[in-house]
Amino acid sequence: MGTEDAPTPAAEALAPRPASASHVVLSQLMEVTDANVLGNVHGGVLMRLADTAAALAAAKHAGGPCVTVSVDQMVFREPVHVGDLVTFRASVNGVGTTSLECGVRIEAERLRTGEVVHASSAYFVYVAIDDAGRPRPVPPLVAETPEERRRQREAEMRRANRIRHREELERARSAAEAQGEEPAARGSMDP
Ligand SMILES: CC(C)(COP(=O)(O)OP(=O)(O)OC[C@H]1O[C@@H](n2cnc3c(N)ncnc32)[C@H](O)[C@@H]1OP(=O)(O)O)[C@@H](O)C(=O)NCCC(=O)NCCS
């Protein structure tokens, strides 16, 4: 008879999870109220929905609430029109200790013709939080397919770039202060 203890709830919560388990698909018809003054869909409308889809992917992986800490990049490749059906596909690309990077691919279907265009791509960073709003550890991510492994590698490159960029800014500010400039207000949220 086996004598192994069952994993504790805390250990289970931090068991590695496959990237595919975080996948979220969100579709929405673009309406007149989503338009900008040019008549196309406002970029901020797409950004909000992309953030919603990505936050759900982050929460699925983390097993609880996550807050947006940074928008790493959002590229608008094609205009989206009123009347298009827009689909947001989000999943976790990579994780740190308490943070997660989610990628979102945004496609617009021109309903009159059936044409589907890759309208936008975005990367958001979230931090999983506990009941007191403090960062809490997230499970490791298991990338199972070549595509998931490529996304994980690229997420690690963006994370390294973010950390290097933050350190460079910190050094530049310290150097300016050493030259007699007023100290700048600082916090971990500073870019
Ligand atoms: C997100 C928050 C909980 C982080 O708290 P904190 O005390 O700064 O946390 P830490 O410095 O320990 O950093 C936690 C993680 O966030 C990452 N992080 C912090 N600032 C970051 C930034 N500007 N960009 C990307 N990642 C960042 C850290 O690298 C760390 O990741 P890791 O644990 O995977 O290594 C806090 O800043 C917060 O509540 N911000 C407001 C969030 C919000 O209101 N969002 C909008 C609505 S959802």
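Two strands pair if DSSP finds at least two bridges between them. Helices (H or I, at least four residues) and strands (E, at least two) are DSSP runs, numbered from the N terminus. In strand 6, S121 is the bridge partner of R105. Strand 5 (residues 99-110) and strand 6 run antiparallel and are joined by 12 bridges.

This is a predicted model: local features need pLDDT of at least 70, side-chain atom pairs count only at pLDDT 80 or more, and totals for chains, interfaces and linings use all residues. Residues are numbered from 1 along each chain as its sequence is written.

Five strands form an open sheet with the order 2-4-5-6-3 and antiparallel pairing. Strand 2 (24-29) and strand 3 each have a single partner strand, so one side of each is left without a neighbour in the sheet. On average, neighbouring strands are turned by 25° against each other, direction ignored. Helix 3 packs on this sheet. Its direction makes about 75° with that of strand 4. Axes here are lines fitted to C-alpha atoms, for helices over the stretch in contact, and angles run from 0 to 180 degrees between N-to-C directions. Contact means C-beta atoms, placed from the backbone, within 7 Å.

| Element touched by helix 3 (residues 146-178) | Residues |
|---|---|
| Strand 4 | 85-95 |
| Strand 5 | 99-110 |
| Strand 6 | 115-128 |
| Strand 3 | 66-76 |

**The ligand shell**

The ligand has 16 residues around it, and S70, G96, T97, T98 and S99 come nearest. A residue counts as near if its C-beta atom, placed from the backbone, lies within 6 Å. Strand 3 gives the largest share of the shell, four residues. Strand 6 supplies at least two. By type, the shell has seven nonpolar, eight polar and one charged residue. Ala, Val, Leu, Ile, Met, Phe, Trp, Tyr, Cys and Pro count as nonpolar, Asp, Glu, Lys and Arg as charged, and the others, Gly among them, as polar.

Helix 2 (residues 43-62) has 20 residues and reaches 28 Å from its first C-alpha to its last. Its buried residues include L46, L49, D51 and H61. G63 follows helix 2, with a positive phi near 70°. G64 lies in the loop between helix 2 and strand 3. Why does G64 count as partly exposed? It has 15 C-beta neighbours inside 10 Å; buried needs 20 or more, exposed 12 or fewer, and partly exposed falls in between. G64 touches A59 and A128, not counting residues up to four places away in sequence.

Conventions
Expected span 1.5 Å × (residues − 1). Contact = placed C-beta atoms within 7 Å.
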